[in-house]
Amino acid sequence: MRHLTVFPKSTVAKREKILNLLLGSSVIVLFLVGWELLFQLKIVNPLFISAPSRVVLAEIAMIKDGSLLKNLTVSAKEFLLGYGAAVLIGFPFGIILGWFKLVRGSFGPFIAALQATPRVALMPLFIIWFGLGITSKIVVVLMSAIFPLIVNLRVAMTTIDADLVHVARAYGASRWQIFHSIAFPTSLPFLMTGLRLAAGRGLLGVIVAEVFGGAEGIGYMIQYAGSTFQTDKVFAGVLVVAVSGITLDFSLDRLGRHFDRWRGEVPVH
Amino acid sequence: MRGIAQGYLANDNRPVKLAIKNLVVGYLDKQSGHTLVAVDRVSLDIREGEFVTIVGLSGCGKSTFLNAIAGLVKHQHGEIRVNDRIVNGPGTDRAVVFQKASLLPWRKVGRNITYGLELSGMKLAEAREKASYYVNLIRLNGFENHYPHQLSGGMQQRVNLARALACDPEVLLLDEPFAALDAITRELMQNELLELCEKVGKTVVMVTHQIDEAVLLSDRVIIFSARPAYVLDDISIPIPRPRKGHIKDSEEFRELVSTIWRVIEGNANIGGGI
């Protein structure tokens, strides 16, 4: 009763992990090799599909002439400002929405309607209101990223363990004490999920907004390269977006696990 | 039978810690829309250091009674006094141990034990200091840095108990504290609680449906009728202290258990309870 057994990660699970890694990476390698062959053997018109080797060359060229850094900086700025605003507004608003019944009753339907509207469809309006510059992109990111946060935190408030609240009340806790000792910690895993979902949506928002109307940024670069048949540059741009997305998701997942330590067995997402 | 229970030990001159007078607790039955009475005019005096257990059929209203003392349920009539001061609503002079441990899963054991103290506005360092006595007493030292999910059910319940005791309440309320544990752990926990209570001398009100548990731990056993609950009988347990778990084998113990059981059974037959 006084000793705690910590089970080591079984070797079986470790082996399975290595096998999965091998299988997963070999499919990617096969795909890249096949793609390169399609190009080199001219099975498909090389103008349409480019090739991994050409994409790498295009990437290097973009790094050398500084256009990648310039465009990435613009996109990153738009993303971070919009995403930051979404977190700053969405996190507290979602909590308030879940915590106060009256607020939920009044704002719930409005939020649901807004959420159901594809934000991209509002893009022309954002351009009219905020111009072709950076502001309209920030607004698109904000509008894309905010809903996963609001929805997740609202749900978080409904999962609060009633028994814990009961105990806290028995110890004479005030509503504020119940909020910060129970509701807030309950919300953190939901915040982390919300942050990951929001990052994906926000990234999509940035690219779409730049493709739609703009003069700089990765999305603009992709759009421009596409309209001038530089398929290697299109792929190079897509690669940059994909790598950013994966890096972002991975870091947020890591951060999430940090907040989830008390749960013990961390569920695999 | 019905009526006010006599303060059992007439010549006991310890001060009355918890005084309950004509307590009526009703609740709104959502299905029928009627107000139903759960506790019907219960009066009870509990003296300082006394361990009093309430037994009765399940659903008889004994838990509601305890929740009313804790201030979690409003009473419609009567009064509750702790140290002669009327209480209305929850307060730090009472601490409850529920059947479910209900520990905050994201807090380590140490911070769970200080939770009650923190809620009362105490600084963490001071709360730790104050709680450490009970951490030692309940033999939880070495576990302060574990998360609740790493502990067995029995250990979690000990943390729950430590959390309540750390607040140093005037009255400790135990609501079927061992009901969720397996039979062996329950026996062990009963013995531990027995030892613990004899050491700290707290005033305790416990609710249980285990008659042997009631007899083992208590100075007095109050028998509640089927719903609505009133006091059927107030039985003194004259087994001398300190007691040990093996007194359960004695003739006296078994006789007390069967006396209590006959009262409950008689009431169930009349009321058609169960």
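I looked up Leu255(A) and found it in helix α11 (residues 231-259) of chain A; helices (H or I, at least four residues) and strands (E, at least two) are DSSP runs, numbered from the N terminus. The model is predicted: local features need pLDDT of at least 70, side-chain atom pairs count only at pLDDT 80 or more, and totals for chains, interfaces and linings use all residues. Residues are numbered from 1 along each chain as its sequence is written, while chains are lettered from A and ligands numbered from 1 in the order in which they are written.

I noted that Leu255(A) is partly exposed because 13 other C-beta atoms lie within 10 Å (buried means 20 or more, exposed 12 or fewer, partly exposed in between, with C-beta atoms placed from the backbone). I then checked Met192(A), which is 63 residues from Leu255(A) in sequence and 7.7 Å from it in space, C-alpha to C-alpha.

I turned to the chains and recorded 15 residues of chain A in contact with 21 residues of chain B (contact: C-beta atoms, placed from the backbone, within 7 Å). On the side of chain A that touches chain B, α8 (162-170) and α9 (175-212) each supply at least two residues, and α8(A) gives the largest share, six residues.

In chain B I traced an open sheet of six strands, ordered β6-β7-β8-β3-β9-β10, with mixed pairing; strands pair if DSSP finds at least two bridges between them. Its edge strands are β6 (94-97) and β10 (231-236), each pairing on one side only. I found β6(B) joined by four bridges to β7 (residues 171-175) of chain B, the two running parallel. Among the residues involved, Ala95(B) has Leu172(B) as its bridge partner in β7(B).

Technical notes. Contact = placed C-beta atoms within 7 Å.
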